[in-house]
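Let's take a walk through this structure together, one feature at a time. Have the sequence and the 3D view ready.

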Amino acid sequence: MVGYKIKNIDPARTAVIVVDMENDFVEEGAPMESAQARRAVPQMKKVIDFARESGMKVIYSTHVHREDGSDHGRFADLYPPIAEGAGLVDETSGIEIYPELAPREGEPVIKKHRYSAFFGTDLDIILRGAEVDTVVIIGTTTENCCHATARDAMFRDYYVAFLSDATGTFDYPDVGHGSMTADEVHEATLKILAFPTADVMSSDEFIRLAS
């Protein structure tokens, strides 16, 4: 077993998907804060700048819920800030992309209501319309929204590059099976993804492969 490896990356057929780097996840003190993702912002910016310069498509997702809670589903059971309307509320500044990574005019921002940026959205239509065959995953959180988006991309037969230093998450509390730090969650997810789903690589490795 050698794991999943991408042999080459054609910028004209590649899209960088910036997953959920919205204020409610990234700002200091935010209701769904991921300090690890915030620390990775410089790496994400480097990747986005390279993508734009090389002609890759850059697509953003932002996780949102309606103010009335009608689309919460099980998220209301899992995340108090969502249940209480304290975070990820549509049409608020919290769901806007973190300013340092702000999209340029014409770059799509996909509003999603579940972990995967493909679920219930037009992301697949946009990618296929652009003749994309390779997606690059950066953003937050490593194990949920980034992981789910990577898995759904693989299910749709895209090649998936998952950038280890341009993704991040948060500490996990003990809910009966022990707690995990953000670093532990992140590293475990990368190891899980690396064989059955994606080519896990650093930002520099990705840039070299696509240059």
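Thr-141 is found in the loop between strand S4 (134-140) and helix H7 (142-155); helices (H or I, at least four residues) and strands (E, at least two) are DSSP runs, numbered from the N terminus. A cis peptide bond joins Thr-140 and Thr-141, with omega at about -10°. What you are looking at is a predicted model, where local features need pLDDT of at least 70, side-chain atom pairs count only at pLDDT 80 or more, and totals for chains, interfaces and linings use all residues. Residues are numbered from 1 along each chain as its sequence is written, and side-chain values use heavy atoms, with hydrogens and water left out.

Look for Leu-88 in the loop between helix H5 (80-83) and S3. As background, most residues other than glycine have a negative phi, and most peptide bonds are trans.

Now for the sheet. Six strands form an open sheet in the order S3-S2-S1-S4-S5-S6, and the pairing is parallel (two strands pair if DSSP finds at least two bridges between them). Strand S3 (109-112) and strand S6 (199-201) stand at the edges with a single partner strand each, so one side of each has no neighbour in the sheet. From one strand to the next, the twist averages 25°. Val-18 stands opposite Tyr-60 in S2.

Next, a pair of helices. Helix H3 (residues 41-54) and helix H9 (residues 203-210) pack at an angle of about 10°, their axes 10 Å apart; axes are lines fitted to C-alpha atoms, for helices over the stretch in contact, and angles run from 0 to 180 degrees between N-to-C directions. That makes H3 roughly parallel to H9 (angles under 35 degrees count as such). Gln-43, Lys-46, Val-47 and Phe-50 in H3 meet Ser-203, Asp-204, Phe-206, Ile-207 and Ala-210 in H9, where contact means heavy atoms within 4.5 Å.

On a 1 Å grid over the protein atoms alone, a cavity is a set of points where a 1.4 Å probe fits but cannot get out, and a pocket is an open set with protein on both sides within 12 Å along at least five of seven lines; lining residues have an atom within 4 Å of a point. About 80 Å³ of space lies in the largest cavity, a volume being the space filled by probe spheres set on the points. Both Leu-88 and Thr-141 turn up among its lining residues. The largest pocket has a volume of about 310 Å³, and its lining includes Tyr-79, Asp-171 and Met-180.

How values were computed:
Parallel < 35°, antiparallel > 145°, perpendicular 65-115°, else oblique.
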